[in-house]
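Dear colleague,

My notes on what was found in it follow directly below.

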Amino acid sequence: MDIVKNSVLKRSCLFSALCEDGLDHALDFFKATQKSYAKGQIFISPEDNLKSFGLVLSGTVQIYTLDIDGSQMIMATVLPGETFGESLSYLKRKSEIFATALTDTDILWLSPERIQDGNLTGNREKELLNRFISLLANRALTMNDRIQILSKLSIREKLIAFFTESVRKYKSYNFALPFDRADMAIYLGCDRSALSRELSKMNAEGLITFSGKNFTVNIQKIL
């Protein structure tokens, strides 16, 4: 895969609207390296020293952690053009997460070392610093959306918050989720059977329609 001409890069605020020369410079600035992972492969585990953050070029990555009793908590599902591990790599902290490839996956690994060193003299370097800060700010907003979902008391409220976020994320009332019902229940912090019942009720009420992972939200009724 030609990472320089890969249009997926343009989905990230790190690389959007850069000319070819600017993109070459940015990839060099972040010491970009590409690596492929097979479906089901765990490539980050707790206590790993994460020196770079990842940008998904193709495939899907799931980020999760474990409760004290060993139960899985899904933190994020990362799609092409999205990133993960920015804060851990910048702070040089050991990983507190697992990362696994849900499908065969290509990842562009990016090092924040030049930003950590702080020796940024040129305008292009300063622009890349601002882009990295924007990336962290967007991550904070995403985590706030997750907190809003988990703070809801009922499954119906969680689903309404989740579907509202999904409409914003996918910029459409029709979208395909990157996980099945079991993972959806884990992500929302609820029982799978209770989730399925609530989805069926919302479908019967005309709030949503769905088939498998594909959903359509009737925004006029759901809000």
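An open sheet of 3 strands runs in the order E9-E11-E10 with antiparallel pairing, where two strands count as paired if DSSP finds at least two bridges between them, and where helices (H or I, at least four residues) and strands (E, at least two) are DSSP runs numbered from the N terminus. Strand E9 (174–176) and strand E10 (208–211) stand at the edges with a single partner strand each, so one side of each has no neighbour in the sheet. Neighbouring strands of this sheet are turned by 20° against each other on average, direction ignored; axes here are lines fitted to C-alpha atoms, for helices over the stretch in contact, and angles between N-to-C directions run from 0 to 180 degrees. E9 and E11 run antiparallel and are joined by 3 bridges, and asparagine 174 stands opposite threonine 216 in E11. Helix H7 lies across E10 and E11, at about 125° to E10, contact meaning heavy atoms within 4.5 Å.

Before going further, please note that this is a predicted model, in which local features need pLDDT of at least 70 and side-chain atom pairs count only at pLDDT 80 or more, while totals for chains, interfaces and linings use all residues. Residues are numbered from 1 along each chain as its sequence is written, and side-chain values use heavy atoms, with hydrogens and water left out.

**Cores**

The largest nonpolar core has 25 residues, and those with the most contacts inside it are Leu159, Phe162, Phe163, Met184, Leu188 and Leu195. Such a core is a set of buried Ala, Val, Leu, Ile, Met, Phe, Trp, Tyr and Cys residues joined through side-chain atoms within 4.5 Å, with buried meaning under 20% relative accessible area, exposed over 50% and partly exposed in between (1.4 Å probe, protein chains only). The elements that give two or more residues to this core are helix H5 (155–170), helix H6 (181–188), helix H7 (192–204) and strand E11 (214–217), and the largest share, 6 residues, comes from H5. Apart from this core lies another, of 19 residues, among them Leu14, Phe53, Leu55 and Leu135.

**Helix H4**

Helix H4 (residues 123–150) has 28 residues and reaches 41 Å from its first C-alpha to its last, close to the 40 Å expected at 1.5 Å a residue, the expected span being 1.5 Å times one less than the number of residues. Its buried residues are Glu125, Leu128, Arg131, Phe132, Leu135, Arg146 and Ile149.

**Individual residues**

Glutamine 62 lies in strand E4 (residues 61–66) and counts as buried because its relative accessibility is 4%. Its side chain makes a polar contact with the side chain of aspartate 183 (3.4 Å); this term denotes a pair of N or O atoms within 3.5 Å, of which, within protein, one must be able to donate a hydrogen and the other to accept it, and residues adjacent in sequence count only if both atoms are side-chain atoms.

Threonine 77, in strand E5 (residues 72–78), is likewise buried, at 9% relative accessibility. Leaving aside neighbours within four places in sequence, threonine 77 is in contact with residues including Gln62, Leu102 and Phe179.

Lysine 171, in the loop between H5 and E9, has a phi near 55°, a positive value in a residue other than glycine, and is exposed, with a relative accessible area of 75%.

With best wishes
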